[in-house]
Amino acid sequence: MPNLELKLTINGRKIKKTTFSHYRLLDFLREDLDLTGTKEGCGAGECGTCSVFINGKLVKSCLVPAAKADGAKIETVEGLGNPEQMSHIQKAFCATGASQCGFCIPGMVMAATSTLRNNPKANLEQIKEEMGGNICRCTGYQKIFDAVEMARDVINKEKSEKVFDEYEKPKNSFIGANVKRIDAPSKVTGRLKYAADMKLPNMLHMQVLRSDRPHAKILNIDLTKAKKIDGVRGIVTCDDVPGIDNFGVFIEDQPVLAKDKVRYVGEAIVAVAADTVEQARDAINAIKIKYKDLPAIYDPEEALKEKILIHEHYKTNLVKHIPIRKGNTEEAFKKADLIIEDEFSTQPVEHAYLEPMAGVSYVDQDGVLTIVSPSQNITHHRHMMAKIMNLPIHKVRFIMSPVGGGFGGKEDMIYQGMLALLATKTRQPIKYVMTREEDIVSTAKRHPSRTKYKMGLTKEGKILAVEISMLADGGAYGCSTEGVMRKAAILGAGPYNIENLKMDTRGVYTNNTPSGAFRSFGALQTEFATESMLDIAAEKLQMDPFEIRRINAFVKGNLTHTKQELNSASINTVLNELEKLSNWEKGPPQSRGQIRKDTFSKDNRDACELGARLKSNGNGKRVNR
Amino acid sequence: MLRYDNYFIPKTLKEYFELTSKVKDCRIVAGCTDILPWAREGRGGDVFLKNVVDVSRIKELNTFKFGSKKILMGAATNYQKLFLDKKIRKSLKVLPQVSVWFADDQIRELATIGGNIVNASPAGDGMPALLTLNTKVTVARFKNKKIVKEKMPLEKFVKGRNKVALKNNDLLVDFELENTDGYGACFEKVGHRRSLVISTVCVASLVKVNKNTFQDVRVAVGGVCEVPTRLLKTEKFLKGKSIDENNIYAASMLDLNVIKSRSRREYRTEVLQNFIIRSILKSLGKNNIDEEIQKFDNKVKQNLETVHA
């Protein structure tokens, strides 16, 4: 590949180095200089994990060709401080607990630094606006804003540096205590190594050919041209799997690489390892696949008709049906003063962790296959991998790298199998980093759902009976569908004492992107329906939404939906606290005017309004409402 | 992934034309904030280019000449300058208003106003604002080894969706803008995400007041038609009229047929009318915009019912 010579100053050090002509500044910093505090979250200028200063101006280094930076003064997060000598802003990020997964944090620290350099007295609205180019998925931003305001006040000598060390000693519980996060300094200084930041000698780079068909038979895979590409060291398909080729969190039905047919757009078919990412991409582009398209299912209702089977050997598209029966709903509905019926649907949701999937694999000196990845489930992965690779369990090792956000999305073992095959085949370390686009098409999403709901209540608001039927789109593979259906069934009717319950949750296979684990794991979809039903009931019965919930809330001694006796119940405590903190405007839902009185109460944060830095009064307070 | 063999950064127009007349297969870039996100899966995919020519450091594209009537601004001026520059904030008030809605601070440091105009996206935010400034553009061409410059109105330069009056290696050099000190300005925009958002509808406006009448009104709209355009009927109606609710409302109805979008027309119509009203009120420097605009709410809703009946 053509080269380019760069002369520039990085963090005060003069550097002269030859790099690839096409490298972005981000690639140059990470690949050539190992300055991996600058992260790549999206590669398209959306997320801000790659923010660096060029000649004092903060930019996103994924949008800067390295050639543009020739002769410039670059400052990266490594230049701001180190874990022993942190800047005020870095200390403040530690103090407020602003770093959670930590992947966005180097970029956030850079954006905060830029904001306070440009305007040391920036008010909250100006801070929000200037940091608008950086995304965090964990914190909800409050702790980040708290940190920037804290640092600002220390820089302006309005607060003493002591605020950086005001931690609490937990008494009986860590919950609610502001304790020191021991990993915070490594995160706020960009020193923590995520999987994509790791480098090993002789390491190869993996790229993956993915299906562009939702449902198709694979007739032929032509690797002739790909094998001839310079730097290609190994190519694997499903034929290279030595053991039992399937994995999955609950049902093990997914092959490492598509076998005979593809079941969704984005499914991996061939993996290539080469000396550089570019060579591996060239090889992928040179592979020809012959498909025979099959009729596909995109709708879970269609899947239930069983006209097309996604997995033929199962003879059904039903992944799991979980029924729960408690009491007698039919009889109870007869006594109800009010019966409400409705349908609810939810969409697939991407986890959008800031760290795209990445991993490193190698076979060590003792022949132990080792996988380093941000997996949320390494023990299970290890057992599955032993079967897949036909290895005794002591020859498989999983190391969990720091997880740059998971939210359930990193429970599936969707790329570790390919890493294992190539490390075994080439006997060289292999690294794989997904692009954001690849991550979005190929990894599991939250289950899209449709819920039919029937609720019977007395006129006082007491729930007499509930019938729920939920159908979830599990997508092409089992992943976590079974567990999600269980949780949806067990928790879906909510923390309410319901004596008569008929609950059915079904998950089915379709040719959509697989659905998997996601925060709250199935409970969200059905509980969304339950809570909506309670709001509708409150409106019909002219009751306060809190009140109708209190009447029905679980108390100690109640039986859960699966008839477990409760030793304790906290729902009423939670409701009371919520009502207080939200400055709740009491009354039935329809009694409120066009603007709710509690929406803009003192404890609620204002939405960010653009233009804070254009306002002449400059106090950042909202002028119009 | 974007790959290329050579990346050239000429420093003058002369250097640029000498280079591009010698070297074949040149791709011209400035801020690179469009090409890099484009060369990815699902859009351009793996893109291979021979030569990339970065024009963002050409001297002539970085001029800034300030005059009491006209202001000359280089095409490589970045959006962050439009946002922060004190002279621009005073004399070209509409530009900071656009900039605050344009991507984010970090992208604005790279993205150029010239690149935005040359892309000629129907949803480009720069063009409506420049239209209100009665902008003329300078194009440089290389003829018989000589640099020839041509000046033309912006309306003539942008010919259609992604089409501008540039051939071969012609280059957009600068913009001649009208100094609009004394005008009130506003830019309104809506899309899917606040930062980095692509306009579904955007409106730029400039208003000059003489006592209680509109001395001059300029309104331009983007996102709803192939090329952003001035709302001439609205402007003409208001000029010389007294500043009151009825006149603003009457004017807001006159140009709603500019919407040519295939999708969400009803939504866009409602937004556009609200934006016209809102941007004029804001350009007038009204406080309590939310209260002011509520006075128009019912009228706008009734009008929509008749439009879509």
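Two residues are in contact if their C-beta atoms, placed from the backbone, lie within 7 Å. The legends below describe a predicted model, in which local features need pLDDT of at least 70 and side-chain atom pairs count only at pLDDT 80 or more, while totals for chains, interfaces and linings use all residues. Residues are numbered from 1 along each chain as its sequence is written, and chains are lettered from A and ligands numbered from 1 in the order in which they are written.

**View 1. Overall fold of chain B.** Of the contacts in chain B with a separation of 6 or more, 66% are between residues 24 or more positions apart. Chain B contains 13 helices and 14 strands; helices (H or I, at least four residues) and strands (E, at least two) are DSSP runs, numbered from the N terminus. Its radius of gyration, taken over C-alpha atoms, is 20 Å, close to the 19 Å given for 309 residues by the globule rule, so chain B is as compact as a globular protein of that length. That rule is 2.2 Å times the number of residues to the power 0.38. Along the principal axes, the C-alpha atoms of chain B fill a box of roughly 60 × 45 × 30 Å.

**View 2. Parallel strand pairing at β3(B).** Two strands pair if DSSP finds at least two bridges between them. β1(B) and strand β3 (residues 47-54) of chain B run parallel and are joined by six bridges; Arg3(B) stands opposite Phe48(B) in β3(B). Strand β2 (residues 26-29) of chain B also runs parallel to β3(B), with four bridges, and Cys26(B) has Asn51(B) in β3(B) as its bridge partner.

**View 3. Domains 1 and 2 of chain B.** Chain B is divided into domain 1 (2-54), domain 2 (60-178) and domain 3 (184-308), with bounds from an automatic or database domain assignment. The C-alpha centres of domains 1 and 2 of chain B are 20 Å apart. In chain B, 13 residues of domain 1 are in contact with 15 residues of domain 2. Helix α1 (residues 13-22) of chain B provides the largest share of the domain 1 side, six residues.

**View 4. The contact between chains A and B.** Chain B contributes 33 residues and chain A 37 residues. On the side of chain B that touches chain A, at least two residues each come from β1 (2-8), α2 (35-38), α5 (94-101), α6 (105-108) and α13 (289-308) of chain B. β1(B) gives the most to this side, with six residues.
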